[in-house]
Amino acid sequence: ALYSATKAGLRSFSLSLFEEVRRHGVKISVINPDITDTPFFDRLKFSPKEGCHLIAEELAQMILHILSYDGVITEVTVRPLGSGVEMKKR
């Protein structure tokens, strides 16, 4: 619950801040990635199922596209087609 509440607060803050600074040419984008295959899962007892995670390098390419866009993409949510985690084998 705390994680979700914090994420929602940052989203609202970012969108409001954009409205305040856009006239100065400042861009603010909120990117909401779902489960991403990173070292985050190395120490945990579970990991994303095959095909149920995003690839960090692909997210990075998407972010570069967002930053180079002439307009402003204020919010993007990115999810893999599959969903789920599984316990790691010991």
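Is Arg22 buried, partly exposed or exposed? In this predicted model, Arg22 is partly exposed, with a relative accessible area of 46%.

**Salt bridges**

The structure holds 2 salt bridges. Side chains of opposite charge can pair when their charged atoms come close. Arg22 pairs with Glu19, and their closest N and O atoms are 3.1 Å apart. The other pairing joins the side chains of Glu75 and Arg11, at 2.6 Å from N to O. This bridge links distant parts of the chain, since Glu75 belongs to strand β5 (residues 75–78) and Arg11 to helix α1 (residues 2–21), 64 residues apart. The accessibility of the residues concerned is listed below.

| Residue | Relative accessible area | Class |
|---|---|---|
| Arg22 | 46% | partly exposed |
| Glu19 | 47% | partly exposed |
| Glu75 | 28% | partly exposed |
| Arg11 | 35% | partly exposed |

Asn32 lies in strand β1 (residues 30–33). Its relative accessibility is 12%, and Asn32 is therefore classed as buried, the limit for that class being under 20%. The side chain of Asn32 makes a polar contact of 3.3 Å with the side chain of Thr77. Leaving aside residues up to four places away in sequence, Asn32 touches Lys7, Glu75, Val76, Thr77 and Val78. Glu75, one of these contacts, is also the salt-bridge partner of Arg11.

**Nonpolar surface patch**

A nonpolar patch on the surface is formed by Phe40, Leu44, Phe46, Val85 and Met87, with about 480 Å² of accessible area together. Within this group, Phe46 is located in strand β3 (residues 46–48). Phe46 counts as partly exposed because its relative accessibility is 31%.

Key
Residues are numbered from 1 along each chain as its sequence is written. This is a predicted model: local features need pLDDT of at least 70, side-chain atom pairs count only at pLDDT 80 or more; totals for chains, interfaces and linings use all residues. Side-chain values use heavy atoms; hydrogens and water are left out. Patches are made of residues with over 30% relative accessible area and no salt bridge: like charges are joined within 9 Å, nonpolar side chains (Val, Leu, Ile, Met, Phe, Trp, Tyr) within 5 Å. Accessible areas come from the Shrake-Rupley method with a 1.4 Å probe; for residues, only the protein chains shown count as cover. A salt bridge is a side-chain nitrogen of Lys or Arg within 4 Å of a carboxyl oxygen of Asp or Glu. Helices (H or I, at least four residues) and strands (E, at least two) are DSSP runs, numbered from the N terminus. Buried means under 20% relative accessible area, exposed over 50%, partly exposed in between (1.4 Å probe, protein chains only). A polar contact is a pair of N or O atoms within 3.5 Å; within protein, one must be able to donate a hydrogen and the other to accept it, and residues adjacent in sequence count only if both atoms are side-chain atoms. Contact means heavy atoms within 4.5 Å.
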